[in-house]
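Dear colleague,

I am handing over the structure below, with its sequence. My notes on what was found follow it.

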Amino acid sequence: TGSSDPYCIVKIDDEAIVRTATVWKTLSPFWGEEYEVHLQPTFHSVSIYVMDEDALSRDDVIGKVCITRDMLAEHPKGRGAGGRQGPGSQPLPPAGPEGVPPFPAGYSGWVSLSEVDPDEEVQGEIHLRVEVLGSQDGRRLLCCTVLEAR
């Protein structure tokens with residue numbers, strides 16, 4: 001039809017924690033939504049699934065982005081890649097005592113979507129900001145901002 005009804009699902013490991021609003025009839029959605037959730041010290045990855053809402057059948061997966069704990073640790077807060085490439089392959093700083101990246105750490109920038117189904121071709125990218133922050137009680141918070149896609 002030339003357009004989609006996109007929304008995002010944010011998962012920590014395999015647990016869905018957030019669903020954005022659906023943006024109707026567009027290929028360039030803007031969400032601008034920010035979420036903060038407590039982060040388990042043993043987390044491995046944050047995944048963002050871009051979905052196409054369909055009223056008559058199961059929603060389609062447009063693509064996904066997976067940001068691992070190691071990728072987050074590679075980027076001190078506020079210094080993510082501003083271009084279109086994913087996080088680089090720099091040496092990792094030491095993780096904290098529970099294996100969580102030292103905070104503040106995070107990633108900000110455009111990331112290309114990857115396929116969920118190997119038979120499907122995926123195009124597009126999503127603009128994200130994912131940060132691991134400290135909290136007053138010593139626990140860590142994940143701050144995830146889903147900005148836009150194209």
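Four strands make up an open sheet, in the order β2-β1-β4-β5, with antiparallel pairing. At its edges are β2 (15-19) and β5 (60-68), each of which pairs on one side only. On average, neighbouring strands in this sheet are turned by 25 degrees against each other, direction ignored. Please keep in mind that this is a predicted model.

Within that sheet, strand β1 (residues 6-12) and β2 are paired in the antiparallel sense over four bridges.

Eight bridges connect β3 to strand β8 (residues 140-149), in the antiparallel sense. In this pairing, Glu33 stands opposite Val146 in β8.

For the chain as a whole, the secondary structure comes to one helix and eight strands. Starting at the N terminus, the elements run β-β-β-β-β-α-β-β-β. The protein chain has 150 residues, of which 41% count as buried. Among contacts with a separation of 6 or more, 57% are between residues 24 or more positions apart. The chain exposes about 8,400 Å², and carbon and sulfur atoms supply 49% of that area.

Tyr7 is located in strand β1. Is Tyr7 buried or exposed? With a relative accessibility of 4%, Tyr7 counts as buried, because the cut-off for that class is under 20%. Leaving out residues up to four places away in sequence, Tyr7 touches a list of residues that includes Arg19, Thr20, Trp31, Tyr49, Met51 and Asp59. With Asp59 there is also a polar contact between the side chains, at 2.6 Å. Phe30 is 23 residues from Tyr7 in sequence, and the two are 9.7 Å apart in space, C-alpha to C-alpha.

Ser47 belongs to strand β4 (residues 45-52). Its relative accessible area is 6%, and Ser47 is therefore buried. Apart from neighbours within four places in sequence, the contacts of Ser47 are Ile9, Val10, Lys11, Val65 and Cys66.

**Cysteines**

How many disulfides does a search of the whole structure find? The search gives zero. For Cys144, the closest cysteine sulfur is that of Cys143, 7.6 Å away, which is too far for a bond because a disulfide needs the two sulfur atoms within 2.5 Å. Cys144 is buried, at 3% relative accessible area. Cys66, which is one of the contacts of Ser47, has a relative accessibility of 34% and so counts as partly exposed.

Regards

Conventions: Residues are numbered from 1 along each chain as its sequence is written. This is a predicted model: local features need pLDDT of at least 70, side-chain atom pairs count only at pLDDT 80 or more; totals for chains, interfaces and linings use all residues. Side-chain values use heavy atoms; hydrogens and water are left out. Two strands pair if DSSP finds at least two bridges between them. Helices (H or I, at least four residues) and strands (E, at least two) are DSSP runs, numbered from the N terminus. Axes are lines fitted to C-alpha atoms, for helices over the stretch in contact, and angles run from 0 to 180 degrees between N-to-C directions. Buried means under 20% relative accessible area, exposed over 50%, partly exposed in between (1.4 Å probe, protein chains only). Contact means heavy atoms within 4.5 Å. A polar contact is a pair of N or O atoms within 3.5 Å; within protein, one must be able to donate a hydrogen and the other to accept it, and residues adjacent in sequence count only if both atoms are side-chain atoms. Accessible areas come from the Shrake-Rupley method with a 1.4 Å probe; for residues, only the protein chains shown count as cover.
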